[in-house]
Amino acid sequence: HYHDWEPFCVDPLTPELGEEVTLRLRTRAKEGYLILERYGEVERRPLKAVKGGLEITVPMYSSPLRYCFFLSRERCYVSSGGSQGTMPRYDRFFHLLSAPSVPEWAVGAVFYQIFPDRFKNGDPSNEAKAAQWVYEGRPIVKKGWDEPVEPKFGAHQHYGGDLEGIRQELGYLQDLGVEALYLTPILPSPSSHRYDALDYLNTDVRLGGNEAFERLVADLHARGMKIVLDGVFNHIGSAHPDFQKALKDPDSPEAGQFTFHADGTYAAFFGVKTLPKLDYANPLTVERWLDGYHAPVRHWIRKGADGWRLDVAHQIGEGGTDRGNTELLRLIHRNSREENPEAFVFGELFFDTTEKLRQHTLDGSMHYAGFANPVMEWLSGRNVYGWPVQVSTQEVWATLWDHYTALPLQVRQCMYTLLGSHDIPRPLWRLRGDVGKFKLALGLLLSFPGAPGIYYGDEIGLEQANDYDDFVGDPMCRGTFPWDERRWNQEVRSWVRQLIALRKAVPALRRGGLQPLAVSNTLLSFRRIYAGEEVWVYAALEPTVLELPMATDLLAGREVSGRLELQGLGLYRLKR
Ligand code: ARE
């Protein structure tokens, strides 16, 4: 039995509230009921037998609309996680969101994450225009492109990467197949990571200033690409004039935007002094940063950004007497959509992704919990802190499936799935340079549901310089991109290119629903399904014999059927 967010099962894919929607279960069963929640009560309605399964048309009573199926002869319920004899928990009912839901362009889109200071220096004249800033009491240092990052002081070390550099390499990125960029902050800030902005309405001059941003956006849009910015709305930089004013004048309106304690300290991101936390219990703060006409949330979308990745999304408006995270996330989402109806707003939710996403807050979240962590734990034997772990293939599948099925139907296809980012060690380094395993990880990333994000340099096998016992992400995962092609791992690059091309050519890979297939100690596999088309995805840790129906081997580009041996990734499109 199968039901997911694709044309066979849900029509229209995203209904308006109150509009009728047809829900179809692919099954051999002949009769059953839809069980749905209406105003907090459970209702049941008989299903109609149609070609390929059972269906029913119902109004979108609420958003999310929560429902599951009951099959009368089989005496089982079919809910998000599969079929079972007892009534499933309501959080395992299917959750269908009403319009407006996820923007079409972001569904299954391939992202590329750039840490601007380290990607490419396209205009060396920028540095001369920049002020000599001091960060945490130490002057910032300009490093040569090929000099290694000094551990501990990464934030002081500027390499001179800029927006012109990114613009110059749009051809490189498109050749790889990338459709959208996610940039970590580009605001004027003393540190090289720029999470401590001192101005929210301009582009850092080191990056080329506002003109460079406008040129980048124009070029990118002309190529049909999109750009998502890092929205840092939980805290601002301590050098920001608002915070400086607050320090000088505790009775000023600016001071009311922060939380000062009796002992003179103040609320800050993880207690980091350079990142004072914004207090949204004060309506002025909401107006200034999120809601007003000149609020940065609106400003940058008007300037051409296609969406936001919200830094520490779960912390915004949490703590103290604040007015509540859920409401603020909705406000950011709504205001972004007001400026651009196609804006894609996803969160950095490190911990619980599902609760917020079911409440119609955001279009998705960075998928550490439900993708990067389990996959990398499984393949590397170490977790994100570097602790040895033992994860079986059965367990990794169970974790992926559990997270996937807990999400609202649309959001499943917009989760920002990833293997690495600027916060955690590079995947190839975590795998101790094992290219075979890295290719397998990339294979899963690019054939799993979601909007996969490639962290700059991972596609050419960029490693990091620390030794394996010193398990740190930042700053060691923020090395400069080597533009000398002799330093690229071409095998990895053509692999990524091939996988992206397949993903774009085969709708089932790009946006198909997900179903389990065989899982054993050394084999992970699943099915992707879209409008009657089916792709079987295999990840074999050891040589394994598969038994296949008539299919196309998408990686080899030839027809196959029956028994065959596989090691590594296999992608097979079934013959209809
Ligand atoms: C700097 C140093 C660090 C040092 C830290 C504290 O580089 O080595 O530990 O200061 O003094 C930005 C910069 C960082 C900088 C930080 C503070 O990029 O380089 O660190 O500011 O100045 C948790 C949060 C998650 C957050 C990560 C970093 O849940 O939201 O920590 N990620 C965002 C951004 C960061 C950014 C900030 C927040 C702040 O993506 O780049 O940091 O704006 C486990 C834990 C998670 C933890 C995660 C990663 O999974 O469970 O809670 O995430 O590891 O560390």
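**Cysteines, cores and a sheet**

Tutor: Cys68 is buried, with a relative accessible area of 0%. Please keep in mind that this is a predicted model.

Student: How many disulfides does the structure hold?

Tutor: The structure holds zero disulfides. For Cys9, the nearest cysteine sulfur belongs to Cys68 and is 15 Å away. For Cys68, the nearest cysteine sulfur is that of Cys76, at 10 Å.

Student: Why does Cys68 not count as bonded to Cys76?

Tutor: A disulfide requires two cysteine sulfur atoms within 2.5 Å.

Student: Moving on to the largest nonpolar core: which residues touch the most other members?

Tutor: Tyr67, Tyr112 and Leu181 do, in a core of 156 residues. Helix H10 (residues 368-380) gives the most to this core, with seven residues.

Student: What does Leu181 touch?

Tutor: Not counting residues up to four places away in sequence, the contacts of Leu181 include Phe111, Tyr112, Ile114, Ile166 and Leu170. Also among them are Leu220, Met225, Lys226, Ile227 and Val228.

Student: What lies apart from that core?

Tutor: Another core, of 12 residues, lies apart from it; Tyr538, Leu548, Leu566 and Leu574 are among its members.

Student: Now the sheet. What is the strand order?

Tutor: The order is S23-S24-S25-S26, in an open sheet of four strands with antiparallel pairing. Strand S23 (513-516) and strand S26 (558-574) are the edges, each pairing on one side only. On average, neighbouring strands are turned by 30° against each other, direction ignored.

Student: How many bridges join S25 to S26?

Tutor: There are 17 bridges between strand S25 (residues 533-553) and S26, and the two run antiparallel. Val535 stands opposite Arg573 in S26.

Student: Which helix lies across S23?

Tutor: Helix H11 (residues 393-405) lies across S23, strand S24 (523-530) and S25, and runs at about 145° to S23.

Student: One last item, helix H13. How many of its residues are buried?

Tutor: Eight of the 11 residues of H13 (residues 435-445) are buried, so the helix is mostly covered. Phe438, Lys439 and Leu440 are among the buried residues. At the start of H13, a side-chain oxygen of Asp434 reaches to within 3.1 Å of the backbone nitrogen of Gly436.

Notes: Residues numbered from 1 in each chain as written. Predicted model: local features only at pLDDT ≥ 70, side-chain atom pairs only at ≥ 80, totals over all residues. Heavy atoms only, no water. Pairing = 2+ DSSP bridges. Axes fitted to C-alpha atoms, helices over the stretch in contact; angles between N-to-C directions. Contact = heavy atoms within 4.5 Å. Core = buried A, V, L, I, M, F, W, Y, C linked by side-chain atoms within 4.5 Å. Buried < 20%, exposed > 50% of the residue type's maximum accessible area, 1.4 Å probe, protein only. Polar contact = N/O pair within 3.5 Å; in protein donor to acceptor, adjacent residues only side chain to side chain.
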